[in-house]
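Q: Please look at the model below; how the terms used for it are defined is taken up along with the values.

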Amino acid sequence: MNAIDNTPADRNVIFFTPKSAGGTGCRLTRGIALLVLLLMLVCAGRASAVEIEIWDYPRWLEPGETIDRFAWMKKQIRAFEAENPGIRVRLTELTWNRGDEKLKIAALGGRFPDIAPGTVPLLFIREGLIEPMDAYLEPGDREDYLPGALDAYTVDGKLYGWPWYMGGQLLFVNRSTFASAGVDLPPNGRWTPETFVEKLTRVKAWQQGRDGQFPLGIYFQKNETANFPFILQFGGTWPGMEAAGGAEAVDITSGIEWLRGLIDRGLIPADSGGRQSNDIWTAFARERRIAAGAFGLWGIKALTDKYPMDFELMHFPAPAGRPSGSFLGISGLYLFHRDDPVRMKAAVKFARYITGAARQRDLVRYTQFPTRRSAGNIYAGNRHMTRAWEILQEGRTVPTDARWPQMDEEIEQAVQNALLGRVSAPTAVREAGHRISALMDRHQGSVTGDIRSGSLFGKAFLWLFPIVLAAALCARQAHLLMLLPAVTVLGLFLVYPLLDAFLLAFRDYRLGEVGGFTLGNFRRVFSDTKFVQACWNTGLYTLVVVSVNTATALIAASLIHALSGRLKSIYRALYYLPGVASVVVISMVWRWLFNTEVGLFNTVLRAVGLPAVGWLTNPDVAFVSVLLTGILRSPGGAILIYLAALGNIPKSLYEAADLEGASPLQRWWHITVPLLKQTTMFLLITGAIDGMQVFAQVLMLTDGGPGSATEVIVHRVYTAAFRDFDFGLSSAMALLLFAGILTVTLLQRRFGGQTEMELA
Amino acid sequence: MTTTRRAAPSLATLAVLSAGLALTLGPLAWMLVTAFTDPAALEQSPPRYGSWSLENFRLLFGGGRILGWTLNSLVTSAAITAGQLLFNALAAFSFSVGRFRGREALFWIVLASMMVPGQIVMLPLFLFLSRWGLIDSLWAVILPSLAAPFGIYMVRQYMDSIPRQLQEAARMDGAGEFDIFRHIYFPLSMPILATSGIFIFIAQWNAFLWPLVTLNTEASYTLPVGLATMQDQQIMDYGLLMAGATFAALPMVLIFMAFSRHLLEGMRSGAVQ
């Protein structure tokens with residue numbers, strides 16, 4: 001961080017005083033000496049110890065801690081370092097949801113730790129980044145692991161990690177609500193779909209008349225498998241993977257239709273397709289509006305400490321004789337390959353230490369199950385955990401395939417759309433099946449290979465660039481020299497990547513790392529339903545938000561212009577003020593206002609007896625909400641530009657109108673507005689260019705959901721690149737956006753260019 | 001809607017303007033209300049308001065993470081502002097004063113590159129920087145922003161209006177090009193540089209997409225990226241989130257108040273679209 005602090009200042013010195021070479025040289029030497037000294041210090045520190053790096057997610061709160069969810073890990077690191085004086089461990093703290101995405105981007109970008117947490121890292125294994133652990137197992141290790149634990153980390157016969165704990169997602173039921181409704185729970189925790197529906201119906205009858213109350217809440221969103229047992233209860237396999245599973249896709253259709261039946265009977269919210277786990281958890285645990293829901297094992301702890309509730313864990317409903325099929329997951333630590341065997345060994349030692357039986361006993365605070373027998377039964381006497389263990393014996397896991405995240409997204413979206421009634425269940429499943437099959441056919445090449453190989457253009461550019469620089473230097477032209485920094489920055493970080501973007505867009509992954517040229521990416525762009533939806537939404541956003549903002553700016557500016565003195569400057573400043581807050585900040589506030597369960601809007605609606613609105617969860621409303629946030633953002637910049645233009649209108653024009661007895665409104669409409677036409681044109685076009693690049697609001701408010709209801713182009717470009725790692729598709733979409741923006745920009749040159757020059 | 005300046009503003013005008021303000025400032029006001037409400041009261045169902053406390057801010061700073069994010073934001077914004085002002089000014093100077101072949105062609109290319117939206121180069125730039133091992137370091141955010149076509153264009157427009165006699169006189173006295181830049185053009189361009197400096201700083205402080213892509217561990221996050229990940233936590237603690245949002249918006253509001261004259265005049269002269 002120090003280096004970053006210093007450099008610009010140093011450069012200042014270099015560039016500002018080329019003639020007083022003595023002073024500059026002196027400072028430079030001093031700077032270099034300092035740097036060397038620092039380097040030596042760092043190296044000296046390093047030489048005595050191996051340093052390894054672990055990235056970890058937040059875990060449980062140790063007793064006495066209020067906020068630091070890394071305290072346990074830090075304690076273990078201290079203990080480990082004390083036992084192993086030659087090893088130093090550095091901890092990097094990840095965050096929950098986006099942590100996984102971040103880890104992927106960083107690792108594929110070549111910035112990976114020694115040890116990372118999570119389920120089996122199939123993507124990284126495919127990329128050859130993960131070190132197999134078989135050679136490091138000690139005698140007795142294999143026997144000590146519970147059945148399935150090692151299997152979860154075994155790919156093609158090799159073990160790729162250290163299993164740490166087992167978790168799962170279970171059906172939680174609020175016992176007091178069921179008891180108040182006079183509905184008893186099956187004592188063995190099992191129910192068939194028929195009894196399940198029958199009991200929910202009786203709870204519903206008791207809840208009648210209380211707005212927003214439901215016997216059950218469900219959610220389907222990316223990376224959330226919790227509610228899949230409902231759609232898999234009649235058997236079947238994932239769409240598009242029939243070849244692997246052999247069963248008919250019709251079966252999951254019947255599960256979705258069963259859920260639709262629950263909506264029709266009012267047993268689950270009508271907008272269930274758009275709900276998120278956070279909503280349902282809040283409604284279940286905090287608001288108690290929902291009497292049952294599927295959550296992770298962490299819910300047991302939260303319902304004991306944070307929101308104390310009399311609850312019961314149940315099997316998911318399943319026809320008699322079928323397993324209830326909760327989803328379970330084995331989590332652990334895996335190690336990235338390093339060429340340094342000493343470092344590798346140190347990392348293995350630490351991973352073993354953290355996932356060893358002694359440390360696994362601490363999982364009791366995490367409400368997760370140990371994976372080693374020698375940890376013993378840490379939950380003896382805990383009713384809920386004992387029940388959870390029973391239920392998870394019938395559990396299942398997601399398919400072991402590196403492409404599961406993308407498959408999952410397709411499936412979740414199919415279920416969402418079917419539940420929202422946008423398409424019929426069979427159609428949704430069939431379409432998802434097609435897309436998943438297409439997905440399985442693609443992506444044979446290696447992503448990291450692509451990253452490392454670079455591009456033709458890039459290489460040419462990087463060779464050519466130094467030559468041009470050298471030529472400029474040789475020319476001994478002061479002005480060329482002064483252009484150098486800016487041209488270097490723009491060349492390296494704008495022109496070169498732009499050329500690369502063209503290459504990526506026309507490259508084919510099926511041909512592997514070298515990559516042939518193809519138009520296939522563009523064909524895929526247009527068959528990407530999410531992108532098509534994104535184009536519509538982006539167009540609508542641009543049209544609505546830009547025209548409304550320009551109109552309000554015109555009106556506000558006209559009104560402010562009529563004021564005088566202090567009042568004028570105060571209003572002008574206040575209208576501009578919200579513009580300095582970032583979109584991220586504003587979107588966070590909107591998300592809080594829009595929150596379905598506890599947000600201000602729905603709290604007010606409920607208070608006056610109106611039904612709550614699914615601002616961000618109902619797909620018909622969600623995009624309107626996004627538009628609303630755009631419209632209600634003060635167009636401060638536009639107001640100022642209008643004010644400047646208004647100041648340039650000669651008063652004499654109005655005097656003539658006054659003589660003719662025109663009303664203020666008439667004068668405004670017939671004189672002011674037409675005279676501002678140029679400015680209006682300019683604002684519309686620059687606004688459109690900005691509007692087409694809308695991103696942050698969508699990412700923060702809805703992440704493109706529910707379904708793909710609020711997808712916009714840049715968000716799709718982002719997800720295709722950094723969630724699916726489909727670089728060709730992402731670049732093709734980005735180029736199309738570029739073409740659109742270019743068109744509008746050229747329109748500006750044609751119609752609005754003059755104003756820009758005038759203003760500048 | 002009247003242009004007669006001496007007339008007292010009509011009540012209707014003030015009412016409409018104030019209503020507009022209520023709509024646009026409303027969310028920010030709600031942010032403040034939530035941030036300063038006792039978290040225990042927010043946990044009620046429905047949330048209760050009216051019991052004020054600083055507890056959310058205590059929790060916010062208790063984690064210590066937000067201070068690191070703030071420092072990262074400060075470092076990147078300051079480095080980019082300083083670097084961009086210098087590089088833009090140097091380039092603008094050579095475009096304005098320099099007499100070399102290909103000057104207008106080069107300037108045209110710089111102008112044209114204004115049209116390239118950041119999202120196009122996002123992915124190739126990410127791949128490029130990761131080949132250099134710069135991902136997850138603040139350099140990845142700083143380096144690509146050290147010069148900007150729009151800034152070069154703005155400053156050149158301004159420098160074009162500086163009388164040529166000044167540089168000619170300086171040359172007579174034996175001044176080199178760097179001296180002319182340093183002693184004449186740079187100081188004389190201070191108004192435009194100050195304005196664009198403030199805008200660059202604000203824009204960088206609020207920058208989101210590129211830092212989101214390149215900064216991947218908590219230690220390197222800037223404030224907006226850090227806040228966005230806070231929002232992703234499993235249990236939604238809105239009091240804490242709003243405290244974070246308030247804290248992130250505060251410096252910008254202060255800068256705005258301190259420099260509002262500069263900013264508003266800058267906008268008027270079209271310093272930023």
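A: Helices (H or I, at least four residues) and strands (E, at least two) are DSSP runs, numbered from the N terminus; by that count chain A has 34 helices and ten strands. This is a predicted model, in which local features need pLDDT of at least 70 and side-chain atom pairs count only at pLDDT 80 or more, while totals for chains, interfaces and linings use all residues. Residues are numbered from 1 along each chain as its sequence is written, and chains are lettered from A and ligands numbered from 1 in the order in which they are written.

Q: Why are α23(A) and α28(A) called oblique to each other?
A: Helix α23 (residues 529-562) of chain A and helix α28 (residues 636-647) of chain A have axes, that is, lines fitted to C-alpha atoms over the stretch in contact, that come within 8 Å and cross at roughly 50 degrees. Angles run from 0 to 180 degrees between N-to-C directions; under 35 degrees counts as roughly parallel, over 145 as roughly antiparallel, 65 to 115 as roughly perpendicular and the rest as oblique, and α23(A) and α28(A) are therefore oblique.

Q: What makes up the contact of α23(A) with α28(A), by class of residue?
A: The residues divide into ten nonpolar, four polar and no charged, where Ala, Val, Leu, Ile, Met, Phe, Trp, Tyr, Cys and Pro count as nonpolar, Asp, Glu, Lys and Arg as charged, and the others, Gly among them, as polar.

Q: How many residues does each chain give to the contact of chain B with chain A?
A: With contact meaning C-beta atoms, placed from the backbone, within 7 Å, chain B gives 105 residues and chain A gives 111 residues; the side of chain B has 68 nonpolar, 29 polar and eight charged residues.

Notes
Two residues are in contact if their C-beta atoms, placed from the backbone, lie within 7 Å.
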